[in-house]
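Colleague: Could you take a close look at one part of this model for me, the salt bridges and the cavity beside them? I'd be glad of the cut-offs along the way.

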Amino acid sequence: MTIRVLVVDDDPRDAALLREFLHAATEDVCDVRTLTDTGKVRGEVAARPPDVVMLDHWLSGCTAVD
């Protein structure tokens with residue numbers, strides 16, 4: 001079973017770091033996608049619903065609560 005993970009972080013370096021960490025920690029059990037454009041989050045979730053979302057709290061122009 002593959003777990004779909006969506007990492008949302010407006011800092012590309014942090015998003016890449018989290019993706020690499022997840023790949024190493026889960027031995028490729030997770031299918032990790034990253035988004036750095038917060039405007040695309042809802043569309044990505046609707047098109048390909050993740051099992052888990054890792055969401056940076058302080059995003060450009062909004063917060064995770066928004």
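Modeller: Happy to! The side chains of Asp31 and Arg48 meet in a salt bridge, with N and O 2.0 Å apart; the term means a side-chain nitrogen of Lys or Arg within 4 Å of a carboxyl oxygen of Asp or Glu. Asp31 sits in strand E2 (residues 30-35) and Arg48 in the loop between H2 and E3, so this pair ties together parts 17 residues apart in sequence. Helices (H or I, at least four residues) and strands (E, at least two) are DSSP runs here, numbered from the N terminus.

A word on the basis: this is a predicted model, in which local features need pLDDT of at least 70 and side-chain atom pairs count only at pLDDT 80 or more, while totals for chains, interfaces and linings use all residues. Residues are numbered from 1 along each chain as its sequence is written, and side-chain values use heavy atoms, with hydrogens and water left out.

Back to the pair: Asp31 is partly exposed at 28% relative accessible area, and Arg48 is partly exposed at 29%. Buried means under 20% relative accessible area, exposed over 50%, and partly exposed in between (1.4 Å probe, protein chains only).

Strand E2 also holds Arg33, which is linked to Glu44 in helix H2, 11 residues apart. Glu44 counts as buried at 16%, whereas Arg33 is partly exposed at 35%.

Next comes Arg4, whose salt bridge with Asp51 has its closest N and O atoms 3.9 Å apart. Here the link runs from strand E1 to the loop between helix H2 (41-47) and strand E3 (52-55), across 47 residues. Arg4 has a relative accessible area of 33% and Asp51 one of 43%. In total the structure holds four salt bridges.

Now the cavity. Strand E1 (residues 3-8) gives the largest share, three residues. By class, the lining has four nonpolar, no polar and four charged residues, where Ala, Val, Leu, Ile, Met, Phe, Trp, Tyr, Cys and Pro count as nonpolar, Asp, Glu, Lys and Arg as charged, and the others, Gly among them, as polar.
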